[in-house]
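Please consider the model shown below. The paragraphs after it lead from one residue to the elements around that residue.

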Amino acid sequence: MHRRYRPLPPRRLFFAHLLKGAGAGALLLGFGLGIGIVGYRYVVGLSWLDALLNAAMLLGGEGPVAPTPTAAGKIFASLYALFGGLIFVTVAGLLLAPVVHRFLHRFHLEVQDETAPPP
């Protein structure tokens, strides 16, 4: 039988979900940063350090630091900026999902307690 109302999960499970989301977010950021570093290094022609700086700034929402002189570099930078925006939103969702889920679950339990008939 399916129970419609379940109690709030313990805090250790909540923190496990937070840690899992943070780990997935870190992997996704690392993957995105790697793409940016390699692209800025080989398409734009920046040094490794400048490529890291540009990729990190774009993923953080600040924008590129070094100028992009070539047409191929400008196309890469444009596509990477769009990709970075998607990564930013996805990581924010991964980090906030357990918090919002717990809040909504708690809110649902409070509403249920107020509207439930006494046993």
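Is T68 buried or exposed? In this predicted model, T68 has a relative accessible area of 17%. Buried means under 20% relative accessible area, so T68 is buried. The residue belongs to the loop between α2 and α3. Leaving aside residues up to four places away in sequence, T68 touches V44, G73, K74 and A77.

With the same exclusion of residues up to four places away in sequence, V44 touches G39, T68, G73 and F76. V44 is itself among the buried residues of α1, together with F14, G21, G25, G32, G36, I37, G39 and Y40. As a general point, an α-helix has 3.6 residues a turn, so residues three or four places apart point the same way.

Helix α1 covers residues 11–44, which is 34 residues. From its first C-alpha to its last, α1 reaches 47 Å, close to the 50 Å expected at 1.5 Å a residue. Just after this helix, G45 takes a positive phi of about 90°.

V44 also has a place in the largest nonpolar core, which has 14 residues. The residues with the most contacts inside this core are Y40, V44, L46, A51, A55, F76 and Y80. Two or more residues of the core come from each of α1, α2 (48–59) and α3 (71–115). Of these elements, α3 gives the most, with five residues. F76, one of the residues with the most contacts inside the core, is also touched by V44.

Conventions
Residues are numbered from 1 along each chain as its sequence is written. This is a predicted model: local features need pLDDT of at least 70, side-chain atom pairs count only at pLDDT 80 or more; totals for chains, interfaces and linings use all residues. Side-chain values use heavy atoms; hydrogens and water are left out. Helices (H or I, at least four residues) and strands (E, at least two) are DSSP runs, numbered from the N terminus. The expected span of a helix is 1.5 Å times one less than its number of residues. Buried means under 20% relative accessible area, exposed over 50%, partly exposed in between (1.4 Å probe, protein chains only). A nonpolar core is a set of buried Ala, Val, Leu, Ile, Met, Phe, Trp, Tyr and Cys residues joined through side-chain atoms within 4.5 Å. Contact means heavy atoms within 4.5 Å.
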